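Good morning, and thank you for coming. Please look at the sequence and the structure as I bring them up, and follow along residue by residue.

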Amino acid sequence: MSRYLDMVDRPEHVKKLTLEQQKQLAEEIRHELIVKLAKNGGHLGPNLGVVELTLALHSVFSTPKDKFVWDVSHQSYVHKLLTGRKDRFHTIRTTDGLNGFSLRTESEHDCYGAGHAGTALSAALGMCAARDQRGGDEHVVCIFGDAALTNGISFEALNNIGHTTKKFIGILNDNEWSIAKNVGAIASYLNKLIQHPRYNQLQKELERWLRRMPKGELAIALGHKAEEAIKGVVTEVALRPNPSTIDVDGRGGYGSSLIFEELGLRYLGPIDGHNLALVTETLEFAKSCDKPIVIHMLTKKGKGFEAALQSPEKFHGLGPYDAQTGATIPPKLGTPPNYQDIFGQAMVKLCQKDNSIVGITAAMPTGTGLKALEKALPNRYYDVGIAEEHAVIFAAGMATMGYRPVCAIYSTFLQRAYDCIHHDVCLQDLPVIFCMDRAGLSANDGPTHHGLYDIAYLRCLPNVIAMAPKDEDELVDMMFTATHQKHPTFIRYPRGAGEGVPVKDQPKLLEIGKGEIVQDFSAARGHKVTIFALGNMQKIAKKAAEQLTAEGFNCAIINPRFTKPLDEELTMRFASVSEVVVTLEDHVLMGGYGSTVLELLSEKRIHVPVVRIGWPDQFIEHASSVDYLRQKHGLTAENTVAKVKAQFNAAPVTTSEEVKPKLA
Ligand SMILES: Cc1ncc(C[n+]2csc(CCOP(=O)(O)OP(=O)(O)O)c2C)c(N)n1
């Protein structure tokens, strides 16, 4: 039997379908998502939750003229399927395939790129302001999740909407989940809202509007249908059992939509986001509104796939899975534990031994590994929501009271909190510890998620101690060491499995600013090359050194450990006797570790060619694997060897003794 999905490729096609046909299409889309994502993984749960919403959006509005701005945009897969990208959908998040987020360069229907949370309301409002300036009539629809409302920027935008524009449509896609369960007062507030008998008011507003429509009778009939639907919503979805309402509310009542209305926004809802007729009608209503409006929709993350409904967190975003059962492929036997798990276990141990240590996550308990702390010592664990700036300042506050907060925030998301790092932590020289997972590539996610800038953005700040472990055991040493410092401390480590090194029972206190000689020069003759390989680049360094040694070079390998303060003595000692120095880093070249070495050698007038291997000055695309991107951009042992050899071929290299001034 042919599917509607085979005939639908563009928004115009959706508009031609009847409601019943669209309902059928919704089921087909769910099936497509479940089957197509099974091979490479992706954000299955969030997308299963927005199938009806996306269909309704495309039947009511017309992109690219109208604009859809998705917060984070991990839930824009259905939109991709309906906007000319169906045939390439199976390539999503793979090399040369579709990106997993909205991307302006990918389609004219993607009006705004994202990957980080909390940007959609501001961006959409900016579009509205531009439209109003220009005198345009396009609609701007902003789709944001309940967890986006834990983010400060969202509130900065909400504060600004009412007096900036008259036409703004916000869809609050409320599924009660962030990646983990949504947290905080706003989540409780939304929960109260959905228990309020608002549907009466919504019904009246809808009916009033429908009466104004040309085909009045039909419209009224539709209105009654909507009423039934809304009642259905209330009984089936909206009235989530919450026996603690009275306690939660403190006044024994329902929540009210006051917060939105006081902000100058009309509030409609809550409505069942899976009731296609109702969602469509409501969007039609919103389209005719002459005042900014927020529609509160209730959806279920993972709808249509039992496994995803059972485990919303796991299915928020995952790797390959079985399309029938949802089972994921366990890691190959012998795969070392992930850095994040080592971090989580180490946090538990550190907290057990030192009462001043606490862990802070910004809505990423599992991704960072801090969930282990929540389980073991819940009163030492804080999930502050998607609020990196707040997390950092909150940590600063705790640090002023003698605590040692550990902020576990991915390298890329910490960028959000740069001013807080500068103004609140570093300027006051507070001993906050930052554990930055995902430093390096997040290959499938791509440029929004790669953590390639932290060395550069941190090394210019006074008081910073910044480190990168070569393996998981050293990560724990660094965490332990950090808890003994009186300054801000940053530890960067990569995504995924560790190196397979056993973690000692008792971590070692490292000397600040001291690197490690992994391999000294041999007694053999041969051109001397020192490879300074930061963190997880040790593997490449070893391979390159082996190849160079096989070709008659004499190689030393250094584990710098610290990017700030740099081990100047060790760096100079080895650089001054080398004919070529190599720096290897999983970071952009510009302003990174290699730059630090260059600055030092220049200041100390140590003249030696320096080959810097790292990421180039461009945004690195997404791909199926880290290895692929490293090959493509030259972060390999082969390229290291070739570049070292080129130094010898390019110009006759004078011996180090001839060109180098003696060290003082
Ligand atoms: C600044 C930032 N911090 C953290 C994340 C990681 N993250 C991606 S999606 C997500 C939860 C989004 O929840 P919600 O907006 O409610 O959408 P849902 O997935 O529930 O549909 C989080 C925390 C991010 N993308 N950006």
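This is a predicted model: local features need pLDDT of at least 70, side-chain atom pairs count only at pLDDT 80 or more; totals for chains, interfaces and linings use all residues.

Is Glu138 buried or exposed? Glu138 is buried, because its relative accessible area is 10%, and buried means under 20%, exposed over 50%, and partly exposed in between, using a 1.4 Å probe and protein chains only.

Residues are numbered from 1 along each chain as its sequence is written, and side-chain values use heavy atoms, with hydrogens and water left out.

Glu138 forms a salt bridge with Arg134, at 2.5 Å from N to O. By salt bridge I mean a side-chain nitrogen of Lys or Arg within 4 Å of a carboxyl oxygen of Asp or Glu. Arg134, at 61% relative accessibility, is exposed.

A second pair is Glu27 and Arg30, which meet at 3.7 Å, N to O. Glu27 is partly exposed at 44% relative accessibility, whereas Arg30 is buried at 2%.

Across the whole structure, the search finds 34 salt bridges.

Finally, consider Leu44. Leaving aside neighbours within four places in sequence, Leu44 is in contact (heavy atoms within 4.5 Å) with several residues, including Leu33, Phe305 and Tyr321.
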